[in-house]
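Please open the structure in your viewer and keep the sequence panel beside it. This tour moves from one selection to the next and says what is found at each stop.

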Amino acid sequence: MKMAGGRRPAAGGRRQAAGGRVGRKGYVRTSSKVGVFTESVIRETFRLAAEHGAINLGQGFPDFPCPPELKAAACAAIDADDNQYPMTYGTPALRAAIAAKTARAYPGWTVDPETEICVTCGATEALVAVTFALLDPGDEIVLFEPWYENYGPDAVLAGAVPRPVPLREPDWAFDEAELRAAFGPRTRAVFLCHPNNPTGKVFTARELALIGELCALWDVVLVVDSIYEHIHQLGPGGYLAPARVPGLEDRTITINSLSKTYAVTGWRVGWTVAPPELTAAIRKVHDFLTIAAPAPLQAAGVAALALPPSTTRGWPSPTASGATCSAVRWRTWASRCAGRTALITSCVTSGGWTPAVTAWPSPGG
Ligand SMILES: Cc1ncc(COP(=O)(O)O)c(C=O)c1O
């Protein structure tokens, strides 16, 4: 076995001591890159919360069932033996559904499913594929801080250098001068989490216009993580698609996924929407990362994207109709949330803090 840098493993390769730990005399060499970042704090929080029976505020996953249409479509695809590698960059049906849903949600935004979409294993893989497709070692990326934790390790793996721009309370706005100063000749991309995890911020038209101006000035690509596109407090029309902002149309990669909107974080189906040249580069990387997203779950994605808007907010909505969100289901969900909110509020209060609690809409109102 040949090791990086021409070094050879000690006899027997990695020696594992009893209990699975690497023995003191064992030879183990990992890349300098993985030494730069730690295990995901979200995954660690998940394990600790499960171990101690705690409420897990560290990971955003919906703990209610997904719409039945998705389950039916996934089961039908499995029953029909849809078991083999699908087209690497997404089944034609799912790409057509993504294009159709995009056009419905944003009239005038036309996406060519043949050349402008790459289906991935969740937004997570899309972020990695995009990072490798865009960046060379030493390239710089502008990130708004605090950022979703994956952006840091993704940048490190690509050898890129993050240039953080702080978002500040109370409205998590950024300072124009700080944003301008973060751009330079080595800037290749801006990563924007919009709506933002962890702050909940939704970037305004004015902010997006400024980002667009700077991206055009420095010839930079905007990468938008829009996984919370339908989950924010601003209501219909509150979220603006950066790819529709004048000047950004030809330089924006929009990342999305079924995970949050349709309550299926474990299904691992996401996608990118980007101009053809960028999509071609993303597709190449994606093929060598994972080949393709799970075939039967892509079929379920077609059903998901055909659902009407009232069921695509991710959260059961009082205005949703029929089996996707009955009044009973809504009441159950709302009372569960109320119980948890009360528990968290009392913990936070006893710790000496004053929590700001958002009121959820009541059933039917
Ligand atoms: C902002 C953001 N982007 C991406 C992801 C990962 O999405 P996916 O499940 O589609 O990989 C998450 C998950 O929490 C997230 O919060």
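**First stop: a loop residue**

Select isoleucine 291, which counts as partly exposed because it has 13 C-beta neighbours inside 10 Å, and a residue needs 12 or fewer to be exposed. Isoleucine 291 sits in the loop that runs between α8 (276–290) and α9, and its phi is near 65°, a positive value in a residue other than glycine. Please keep in mind throughout that this is a predicted model.

Now move to arginine 268, in the loop between β7 (252–257) and β8 (270–273). Phi of arginine 268 is near 60°, which is again a positive value in a residue other than glycine. With 19 C-beta neighbours inside 10 Å, arginine 268 counts as partly exposed, because a residue is buried if 20 or more other C-beta atoms lie within that distance.

Proline 170 has its place in the loop between β3 (161–168) and β4 (173–174). Go on to asparagine 197 and proline 198, which are also joined by a cis peptide bond, here with omega about 20°; proline 198 is found in the loop between β5 (187–193) and α7 (205–218).

Is proline 185 buried or exposed? Proline 185 is exposed, with 7 other C-beta atoms within 10 Å, and it belongs to the loop between α6 (176–182) and β5.

**Two crossing helices**

Next, select helix α2 (residues 68–79) and helix α9 (residues 295–305), whose axes come within 8 Å and cross at roughly 145°. The crossing of α2 and α9 is right-handed. On the side of α2, the contact is made by Glu69, Leu70, Ala73, Ala74, Ala77 and Ile78, while the residues that α9 contributes include Pro296, Leu297 and Val302. Sorted by class, the contact of α2 with α9 has 13 nonpolar residues, no polar ones and one charged residue.

**Around the ligand**

Turn to the ligand, which is surrounded by 13 residues, the closest being Gly122, Ala123, Thr124, Ser257 and Ser259. Which helix gives the largest share of the shell around the ligand? That share, three residues, comes from helix α4 (residues 122–134). By class, the residues of the shell divide into four nonpolar, eight polar and one charged.

**Stretches to read with care**

Colour the protein by pLDDT, which averages 85, with 82% of the residues scoring at least 70. Over residues 1–21, pLDDT stays under 50, and the model has 20 contacts beyond four places in sequence for this stretch. Over residues 361–365, pLDDT also stays under 50, and the model has eight such contacts there. Where pLDDT is low, the predicted coordinates should not be read in detail.

**Stepping back**

Of its 365 residues, 35% are buried. Among contacts between residues at least 6 apart in sequence, 69% join residues at least 24 apart.

Notes:
Residues numbered from 1 in each chain as written. Predicted model: local features only at pLDDT ≥ 70, side-chain atom pairs only at ≥ 80, totals over all residues. Near = placed C-beta within 6 Å. Helix = DSSP H or I, 4+ residues; strand = E, 2+ residues; numbered from the N terminus. Nonpolar A, V, L, I, M, F, W, Y, C, P; charged D, E, K, R; others polar. Axes fitted to C-alpha atoms, helices over the stretch in contact; angles between N-to-C directions. Left-handed = near helix turned anticlockwise from the far one by under 90°. Contact = placed C-beta atoms within 7 Å. pLDDT = per-residue confidence, 0-100.
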